[in-house]
Every structure is written in C-alpha cells, then in structure tokens.
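My entries follow in the order in which I searched.

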Amino acid sequence: MELSLQGEEERQRAARDRKAAVSQLKAETERMVLDLKKVHAAETEKALDKANGRLKQMEKECSQKLAKSSQIIAELKTTISSLTEENSRQQLAAEQRLQEVVQQFEDKKQQLITDNNRAIKALQDEAERSRSQARAAEKKLQRRELETHEQVTHIRQEYETKLKSLMPASLRQELEDTIVSLKSQVNILQKRASVQQEELNSYPTRR
C-alpha cells in the first residue's frame, strides 16, 4: 500500500512537474512570440517610417518636377502663342506687300502699254508724214526734171534752128558754147536730182 501510495504520489508529482514544465515552456514560448511580435512590429514601423519618408521625398520631388514641368509648359504655350501671332503678322504683312507689288507691277505694265501705244502711234504718224513728204518731194523732183527736160529740148531746138541759118562763125561758136554750157547744167541738175532721190529713198529708213 505504501509502495502503491508512493507510486501514485510519484505519478502525480511527475504529472504536476510535467504540467508545470509544459506551462513554463508555454509561457516562455508565448513570451518569445510576444518579443518576436514586438521586434517585428518595431522593424515594421521602422520600415514603414522609412518607406513613408522615402514616399514623401518622392512626392516632394514629383511635385517639384510637376511644378517645373507646368512652368515649362506654360512658358512653351506663351512662346508658341507669341510665335503664332508673330507668324500671323508676318504672313499678313507679306500678303499685303505682295498685293502692293502686284498692283505696282500691273500699274507699271499698264503705263508701259499706254506709253508704247502712244510711241507707236507717234512713230506711225511720223512715218506717214515722212512718206507724204517723200511723195511730195518726189513729185516736185519729177516736175523739175520734166521742166528742165522741156527747157533743154526747147533751147536745143531753138539753137539748132539758129545754127541752121547763116550766121557768122563767131556767133555760131558762141551758140555752140552756150549749148555745151546748157548740157553741162543739165548733167549737173540730173546728178543733183539723183542725189536727192537717193536721200528721199533712204529718208524713211533713217526715220
């Protein structure tokens, strides 16, 4: 009985020791888990703080870059607007200048056409006057030639008649000299008429 009681007590004590050991191990385990959780929480918070700091820095940098980009875009828009306005002004000025040049060219062309027509009309009138003067001079020259020819013929006939009659030798010689002189004058008149005819023929060409 005593052995049995001792055995029972040993079992109960062993059970109590085992239970106490299990409880102690469980408590230590829970304490270790709690410590690990605290460490993990601290590291997590530290990592979150670091990540938040980095995120804030990135947000700040992005905000600065965005502000700078917005400023650059605004400046580019202003530049583009100014260039567009300047290009429009230059294009309008170029079109106006082109219209002015075209109008000046048209006016100059019309003036040249008018002056050319006037000059052609003047040359035509001058040519007509020259032709009229040439025709008149030619007719006058023909009349002079006819008159000269008639005079020479009349004089020749008259002196030939006189030479046929009996005349002193001195008078006959004088008449012959007169005929020779008249022939010479006729030749001179004919040469002068030829020169005048050549001048009349070349007159329209020179004009």
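**Cavity, pocket and patch**

I began with a search of the whole structure, which is a predicted model, and the search returned one cavity of 30 Å³ or more. I noted that the largest cavity holds about 60 Å³ of space.

Next I looked up which residues line the largest cavity, and I listed Val152, Ile155, Arg156, Ile179, Leu182 and Lys183. When I sorted this lining by class, I counted four nonpolar and two charged residues, with no polar ones. I also checked where the lining comes from, and found that helix 1 (2-164) and helix 2 (169-206) each give at least two residues to the lining of the largest cavity.

I then turned to the largest pocket, for which I recorded about 300 Å³ of space. Its lining is made of 14 residues, of which Arg144, Glu145, Thr148, Leu189 and Gln190 lie closest to the centre of the pocket. By class, I wrote down five nonpolar, five polar and four charged residues for the lining of the largest pocket.

Which helix supplies the largest share of the lining of the largest pocket? I found that helix 1 does, with eight residues, while helix 1 and helix 2 each contribute at least two residues to this lining.

Last, I looked over the surface and marked a nonpolar patch formed by Ile72, Leu76 and Ile80, which together have about 280 Å² of accessible area. I placed Leu76, one of the residues of this patch, in helix 1.

Methods: Residues numbered from 1 in each chain as written. Predicted model: local features only at pLDDT ≥ 70, side-chain atom pairs only at ≥ 80, totals over all residues. Heavy atoms only, no water. 1 Å grid on protein atoms, 1.4 Å probe; cavity = no way out; pocket = protein on both sides within 12 Å on 5 of 7 lines; lining within 4 Å. Points joined across faces, edges and corners; volume = space filled by probe spheres on them. Helix = DSSP H or I, 4+ residues; strand = E, 2+ residues; numbered from the N terminus. Nonpolar A, V, L, I, M, F, W, Y, C, P; charged D, E, K, R; others polar. Patch = residues over 30% accessible without salt bridge, like charges linked within 9 Å, V, L, I, M, F, W, Y side chains within 5 Å. Areas by Shrake-Rupley, 256 points an atom, 1.4 Å probe, with all protein chains shown as cover. Salt bridge = Lys/Arg side-chain N within 4 Å of Asp/Glu carboxyl O.
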